[in-house]
Amino acid sequence: METDADGTDVGGKDGGTAQGPGPAAAMFARDTASRDLGMELTEHGPGTATVTMTVTGRMLNGHGTAHGGFLFLLADTAFACACNSEGPVTVAAAADIDFVAPAREGDVLIASATERTRFGRSGIYDVSVACDGRAVAEFRGRSRTVRTPSAPGGNG
């Protein structure tokens, strides 16, 4: 794994080169929301990404399990890295999640994202969140590639 001065993965498996990191790693390096929660982009390639996060005490809900919002955020981060793995800026159009089993403090969660299909500027991605091989959540994200303006003041 290639890292920058603060340890952020900037190369990985998505083709980061001497000219710079791949698109997913470059985007993740700027994602302070995810990085400040201890997330790590551990693998990335065309249409795929794996992100890990350890559940901390500050992530627990009133039942003593990981708050669903943190599970969604982890899955959404893996989704973002997968759908931005090949270059054009791509954003979430919609997403949903099914919580399968609770996660607890100290659990190391692994979110694995995979592109299912792309059509035009849209795409569909599935993300499985697991802990020690046990399913914790299943997420489906729908993406949209952002048009770049053709000229200053243009609407793309």
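In the predicted model, 18 residues line the largest pocket, and Cys83, Thr90, Arg118, Tyr125 and Thr145 are those nearest its centre. The space within this pocket amounts to about 150 Å³. Helix H3 and strands E4, E5 and E6 each contribute at least two residues to the lining, with the largest share, three residues, coming from E5. Classified by residue type, the lining of the largest pocket comprises ten polar, four charged and four nonpolar residues.

Six salt bridges were identified in total. Arg118, one of the residues nearest the pocket centre, pairs through its side chain with Glu86 at an N to O distance of 3.7 Å. Because Arg118 belongs to strand E4 and Glu86 to the loop between H3 and E3, this contact ties together parts 32 residues apart in sequence. Both partners are partly exposed, with relative accessible areas of 47% for Arg118 and 43% for Glu86.

Asp126 takes part in two of the contacts described here. A salt bridge to Arg116 has an N to O distance of 2.9 Å, linking strand E4 to strand E5 across ten residues of sequence. Asp126 is buried, since its relative accessible area of 18% falls under the 20% limit. In the salt bridge between Arg140 and Asp126, the closest N and O atoms are 2.6 Å apart; this pair connects strand E6 with strand E5, the two residues being 14 apart. Arg140 is partly exposed, at 34% relative accessibility.

Val89 is located in the loop between helix H3 and strand E3 and is exposed, with a relative accessible area of 54%.

Methods: Residues are numbered from 1 along each chain as its sequence is written. This is a predicted model: local features need pLDDT of at least 70, side-chain atom pairs count only at pLDDT 80 or more; totals for chains, interfaces and linings use all residues. Side-chain values use heavy atoms; hydrogens and water are left out. Helices (H or I, at least four residues) and strands (E, at least two) are DSSP runs, numbered from the N terminus. Buried means under 20% relative accessible area, exposed over 50%, partly exposed in between (1.4 Å probe, protein chains only). On a 1 Å grid over the protein atoms alone, a cavity is a set of points where a 1.4 Å probe fits but cannot get out, and a pocket is an open set with protein on both sides within 12 Å along at least five of seven lines; lining residues have an atom within 4 Å of a point. Grid points are joined across faces, edges and corners, and a volume is the space filled by probe spheres set on the points. Ala, Val, Leu, Ile, Met, Phe, Trp, Tyr, Cys and Pro count as nonpolar, Asp, Glu, Lys and Arg as charged, and the others, Gly among them, as polar. A salt bridge is a side-chain nitrogen of Lys or Arg within 4 Å of a carboxyl oxygen of Asp or Glu.
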